[in-house]
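Here are my notes on the model you sent over.

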Amino acid sequence: MSNNSEAPTFQWSLLHPKYWHTWIGVGLMFLISWMPYRLQRFLGRKLGLMIMKFFKSRKKIASRNLELCFPEMTGGEREALLKENFQNMGLAFFETCMAWFWPAWRIKKHMTYEGFEQIEAFKANKEGVLVVAVHSFNLELGARAFGVHSPGYGVYRPNTNPVYDWFQYRGRTRENKCIDRRDVKQMIKRLRQGELVWYAPDHDYGRHRYAWAPLFAVEKACTTTGTHLLASASKCKVATFTITRDREGTGYTMRLDPPMEAFPYDDAEASAVYTNKFVERSIMRAPEQYMWLHRRFKSRPEGEPSLYD
């Protein structure tokens, strides 16, 4: 599929010496992508443990998130989950290499698709679908694999490094297209045209189009109402998508769930609560693969103290 008109383009200025380290880094990513898959998995887990050892602040944030969300777990259970989570963080680097540089046949080789037969019905009925995803460490690979099966549109945040941004955009648009996350009108337009648009509402995006909604054991999580805005404006269906890495080490399972029943199109706050329930379900399919290092609960209601002090 062709890129949209705002796609980053190659400029001779990208060859400036200040970007040479980025070119070298991306070149290494290309070479790494051709390593045997099992070797990449092994190295990724080792890398994750190294990150856990040296990046103490991220470890503290992830540990706190697990404590807030799963107070019923014992300290030992959370510590085991934390260790496995960092191993998955290391794997994310290798999976990004796969997503950007693997040919489609190699992507398909490692993917099992469930629920994707629904897409033909959506297309036949010209129904737009807002595909709600969560920030799992393998989401980059999941978006590429989704596009290999059924191309659509992903919500995209440009990178401040123009060389990295150019490669990132090329990697993400090998089958799919991208829409700048600020271009809400374009998202609504594509949904009205019967397209698939991926959207991840699980992070704390601050107090802009937000509502306080429960998420796991945290009763007031700052939750974007962007899902409601896109769904209500386009009258599209809303479905959830997850990618989970198989514990056997053979590949991944891609799940597209049936559209959410009784989605509250007329109530932004209710839709935030409703959506978070599906976010929880997606995360719990493989909690060790979720991006717990993000300060998910950094925004608090007026007068309430920070949860990360």
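**Notes on rings, a pocket and confidence**

1. Let me start with Phe-30, which counts as partly exposed because its relative accessibility is 39%. Keep in mind that this is a predicted model. Phe-101, by contrast, has a relative accessibility of 16%, so it falls in the buried class, the cut-off being under 20%.

2. Why look at those two together? Of the 24 aromatic pairs counted here, one is Phe-30 with Phe-101, an edge-to-face arrangement with 5.5 Å from centre to centre and 85° between the planes. The pair ties together distant parts of the chain: Phe-30 sits in helix α1 (residues 20-33) and Phe-101 in helix α4, 71 residues apart.

3. Another pair to look at is Phe-263 with Tyr-265. Their planes meet at 70° and the ring centres are 5.1 Å apart, so this one is edge-to-face too. Phe-263 is buried, at 6% relative accessible area, while Tyr-265 comes out as partly exposed at 28%.

4. If you like ring clusters, colour Phe-10, Trp-12, Trp-23, Trp-166 and Phe-167: ring pairs link them into one.

5. Next, the largest pocket, which holds about 1,700 Å³ of space. Its lining runs to 48 residues, and those closest to the centre are His-135, Val-155, Arg-157, Arg-172 and Tyr-205. Which helix gives the largest share of the lining? That is helix α4 (residues 75-101), with six residues.

6. Leaving aside residues up to four places away in sequence, Met-52 touches Lys-59, Glu-79, Leu-82, Lys-83 and Phe-86. For a sense of distance, Ser-136 lies 84 residues from Met-52 in sequence and 17 Å away in space, C-alpha to C-alpha.

7. Finally, confidence. The chain has a mean pLDDT of 94, with 98% of its residues at 70 or more. The stretch to treat with care is residues 1-5, where pLDDT stays under 50 and the model has ten contacts beyond four places in sequence.

Definitions and conventions:
Residues are numbered from 1 along each chain as its sequence is written. This is a predicted model: local features need pLDDT of at least 70, side-chain atom pairs count only at pLDDT 80 or more; totals for chains, interfaces and linings use all residues. Side-chain values use heavy atoms; hydrogens and water are left out. pLDDT is the predictor's confidence in each residue, from 0 to 100. Contact means heavy atoms within 4.5 Å. On a 1 Å grid over the protein atoms alone, a cavity is a set of points where a 1.4 Å probe fits but cannot get out, and a pocket is an open set with protein on both sides within 12 Å along at least five of seven lines; lining residues have an atom within 4 Å of a point. Grid points are joined across faces, edges and corners, and a volume is the space filled by probe spheres set on the points. Helices (H or I, at least four residues) and strands (E, at least two) are DSSP runs, numbered from the N terminus. Rings of Phe, Tyr and Trp (its six-membered ring) pair if their centres lie within 6.5 Å; planes under 30 degrees apart count as stacked, over 60 as edge-to-face and the rest as tilted. Buried means under 20% relative accessible area, exposed over 50%, partly exposed in between (1.4 Å probe, protein chains only).
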